[in-house]
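These are my notebook entries on a structure I looked up. I record what I checked, one topic at a time.

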Amino acid sequence: MNSDISKDQITFYQENGYVVMEDFLNAEELENWRNSVTEAISDRKGQKMPGQALKIGEDDGINKDAEYFNNVFDQLLNLWQTNGKVKKIMLDEHIGKMAAQLAGVDGIRIWHDQALIKKPWANPTSWHLDSPFWSFSDRHAISIWMALDDATLENGCLFFIPGSHSKTKFENVQLGKNMSEIFNVYPEFKQSKSVAVPMKAGSCSFHNGLTIHGANANMSPGFRRAMTCAYMPDGNIFNGEPNILPESYLKGIKIGDLLNDDSQNPLIYSKNK
């Protein structure tokens with residue numbers, strides 16, 4: 001794993017809200033990620049998230065235009081909680097340290113992982129933000145996006161609007177089928193130039209939870225598989241948004257409580273340890 005980060009990469013990330021790490025995994029590591037994620041998905045039998053009955057293709061009530069959105073990608077969350085191999089990958093301290101260095105924070109907890117599978121001929125992923133969906137509000141929240149297949153202009157690579165993270169807020173702009181909807185909330189970015197980020201399998205990107213990003217349609221007969229993980233800087237508090245937190249967990253917390261339960265959001269890196 002190529003986990004070394006340069007000062008230039010940190011500066012680029014903090015200015016632009018994203019950065020690409022080419023050849024992050026070697027061939028053996030990439031195969032392990034692919035096999036582990038494939039096994040974890042198979043074990044789930046279509047269940048999107050532990051503790052919930054919702055399955056792939058069913059309306060989750062979160063996104064508008066559910067029929068359209070269900071053909072954007074298949075999404076399975078918190079595979080680390082149901083598969084030991086994925087857990088070992090996701091709890092790797094090296095990745096946690098990278099996230100902390102880029103975000104400029106002292107500690108990193110897992111918020112949730114997710115497999116994102118764009119099937120052949122899948123719809124585009126509309127421009128959106130990540131952080132407004134989550135149960136904490138932190139401008140330093142960060143995600144890794146690992147390409148398990150080559151992510152190309154043809155099959156649905158990521159796009160970013162550089163620097164958008166410095167001006168966006170925690171208002172929740174739901175994903176719909178209209179790519180331009182986010183500019184109703186952020187008209188200042190309507191004339192911005194987006195940046196395409198094609199990646200070879202085994203490369204990854206990190207992006208800020210408030211960076212505007214999206215992805216092309218999959219205009220190919222093949223799959224575009226990615227494994228991602230959202231990270232919460234240590235020390236955050238509950239903002240009242242349930243998101244991925246189980247009902248049993250929600251019954252025991254109130255707005256303002258620390259989100260520090262290692263069984264739900266494990267601390268995978270701390271600068272102070």
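I call a residue buried when its relative accessible area is under 20%, exposed when that area is over 50%, and partly exposed in between. The model I consulted is predicted.

**Entry 1: strand β5**

I began with strand β5, residues 142–147, and asked how many of its residues are buried. I found that six of its six residues are buried, so by the 20% cut-off the strand is mostly covered. In a regular strand the side chains alternate between the two faces of the sheet.

I then looked up the partners of β5. With strand β8 (residues 204–208), β5 pairs in the antiparallel sense over five bridges; here Ile142 stands opposite Asn208. With strand β10 (residues 224–233), β5 also pairs in the antiparallel sense, over six bridges; here Ile144 stands opposite Cys229.

**Entry 2: Arg109**

Next I located Arg109, which has its place in strand β3 (residues 107–118). Is Arg109 buried or exposed? Its relative accessible area is 6%, so I noted Arg109 as buried. Leaving aside neighbours within four places in sequence, I found Arg109 in contact with several residues, including Tyr231, Asp234, Leu259 and Asp262. Arg109, Asp234 and Asp262 are also linked in a network of salt bridges.

**Entry 3: salt bridges**

Side chains of opposite charge can pair when their charged atoms come close. I found that the structure holds eight salt bridges, and I examined some of them individually.

The side chains of Lys200 and Asp23 meet in a salt bridge at 3.1 Å, N to O. Lys200 lies in the loop between β7 and β8 and Asp23 in the loop between β1 and α2, so this pair ties together parts that are 177 residues apart in sequence. Lys200 is partly exposed at 44% relative accessibility, and Asp23 is partly exposed at 42%.

Arg34 and Glu31 form a salt bridge at 3.7 Å, N to O. Both lie in helix α2, three residues apart, which is about one turn of the helix.

Lastly, I noted a salt bridge between Lys254 and Asp257, with their closest N and O atoms 3.2 Å apart. Lys254 counts as exposed at 55%, whereas Asp257 is partly exposed at 22%.

Methods:
Residues numbered from 1 in each chain as written. Predicted model: local features only at pLDDT ≥ 70, side-chain atom pairs only at ≥ 80, totals over all residues. Heavy atoms only, no water. Buried < 20%, exposed > 50% of the residue type's maximum accessible area, 1.4 Å probe, protein only. Helix = DSSP H or I, 4+ residues; strand = E, 2+ residues; numbered from the N terminus. Pairing = 2+ DSSP bridges. Contact = heavy atoms within 4.5 Å. Salt bridge = Lys/Arg side-chain N within 4 Å of Asp/Glu carboxyl O.
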